[in-house]
Amino acid sequence: ELYNGEMSEAFHLYQDETNPVTPEGAEDIKESTKKSEELLTEAAASPGRHLMFSHGAFLRIMATVAMGGNPNCYRRLKLDNCCGIIVKFYPNPPNQLIALNISA
């Protein structure tokens, strides 16, 4: 019953791209977006190449932010487990997502 009612409704609210409702105890999309913006700004200001590791949801948010898109739509990007992204930085964002689903 939980999956047909309360849990199902919570999942749909969380998936909403206009006004997502974050489950209790999870990081809010606004917090993740702010962290990704700060990280991208720091990386763009530092010369050289950078290697960053994180979980898939954050990498998808970061890719969406790097491209100047709506972070609430990060679920549209498909990123496999243990894979990464490549971002090319420009003096004035948006930046460019060069590759998605890079594996070792």
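**Exercise 1.** Find which residues N72 touches, not counting residues up to four places away in sequence, and decide whether N72 is buried or exposed.

*Solution.* Start with the contacts (heavy atoms within 4.5 Å): N72 touches E17, T18, P20 and I29. The model is predicted, so local features need pLDDT of at least 70 and side-chain atom pairs count only at pLDDT 80 or more, while totals for chains, interfaces and linings use all residues. Residues are numbered from 1 along each chain as its sequence is written, and side-chain values use heavy atoms, with hydrogens and water left out. Finally, its relative accessibility is 14%, so N72 counts as buried (under 20% relative accessible area; exposed is over 50%, partly exposed in between; 1.4 Å probe, protein chains only).

**Exercise 2.** Work out where the buried residues of α2 fall, seen down its axis.

*Solution.* First, list them: I29, S32, T33, S36, L40 and A43 are the buried residues of α2. They fall within an arc of 100° seen down the axis, so they line one face of the helix (the arc is that of the directions from the helix axis to the C-beta atoms). Then turn to the other side, where K30, K34, T41, E42 and A45 are exposed.

Key: Helices (H or I, at least four residues) and strands (E, at least two) are DSSP runs, numbered from the N terminus.
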